Amino acid sequence: MTKEQEKEMLDYIATAKAEGYPGTIPDQLTGHAQIIEYHGRVWEWYNLQK
């Protein structure tokens, strides 16, 4: 994962938090695996909103 991809994923997660994502997301995500895990959770939540 590039730094650009990581930043995009973190931005996506931050946007979800701002829009009312009901789950708990740590303020500081560490490592690619944790970023990917929370990005997946947020992505699923967004898709369930449709």
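Helices (H or I, at least four residues) and strands (E, at least two) are DSSP runs, numbered from the N terminus. By that rule, the chain has 2 helices and 0 strands. The radius of gyration of the chain is 10 Å, close to the 10 Å that the globule rule gives for 50 residues, so the chain is as compact as a globular protein of that length. That radius is taken over C-alpha atoms, and the globule rule is 2.2 Å times the number of residues to the power 0.38. This is a predicted model: local features need pLDDT of at least 70, side-chain atom pairs count only at pLDDT 80 or more, and totals for chains, interfaces and linings use all residues. Residues are numbered from 1 along each chain as its sequence is written, and side-chain values use heavy atoms, with hydrogens and water left out.

**Overall build**

- The C-alpha atoms fill a box of roughly 30 × 20 × 15 Å, taken along the principal axes.
- Of the 50 residues, 24% count as buried. Buried means under 20% relative accessible area, exposed over 50%, and partly exposed in between (1.4 Å probe, protein chains only).
- Residues 24 or more positions apart account for 55% of them.

- Helix α2 covers residues 31-49. At 1.5 Å a residue, its 19 residues should span 27 Å, and its end C-alpha atoms are 28 Å apart, which agrees. The expected span is 1.5 Å times one less than the number of residues.
- The buried residues of α2 are I35, Y38, V42, W45 and Y46. They cover an arc of only 100° around the axis, which puts them on the same side of α2. The arc is that of the directions from the helix axis to the C-beta atoms.
- These buried residues pack against α1 (3-18).
- On the other side of α2, A33 and L48 are exposed.
- Q34 also sits in helix α2. Its relative accessible area is 21%, so Q34 is partly exposed. Not counting residues up to four places away in sequence, Q34 touches P26, Q28 and L29.

- E6 belongs to helix α1. E6 is buried yet has no salt bridge. A salt bridge is a side-chain nitrogen of Lys or Arg within 4 Å of a carboxyl oxygen of Asp or Glu.
- The nearest side chain of opposite charge to E6 is K3, 4.1 Å away. Lys and Arg count as positive and Asp and Glu as negative; His and the chain ends are not counted.
- Leaving aside neighbours within four places in sequence, E6 is in contact with M1, H32 and I35.

**Salt bridges**

- A search of the whole structure finds 3 salt bridges.
- D11 and K7 meet at 2.8 Å, N to O. Both lie in helix α1, 4 residues apart, about one turn of the helix. D11 is partly exposed at 38% relative accessibility, and K7 is partly exposed at 47%.
- K17 and D27 meet at 3.6 Å, N to O. This pair links distant parts of the chain, with K17 in helix α1 and D27 in the loop between α1 and α2, 10 residues apart. K17 is partly exposed at 37%, whereas D27 is exposed at 78%.
- E37 pairs with R41, their closest N and O atoms being 2.4 Å apart. Because they are 4 residues apart in helix α2, about one helical turn separates E37 and R41.

Terms used:
Contact means heavy atoms within 4.5 Å.
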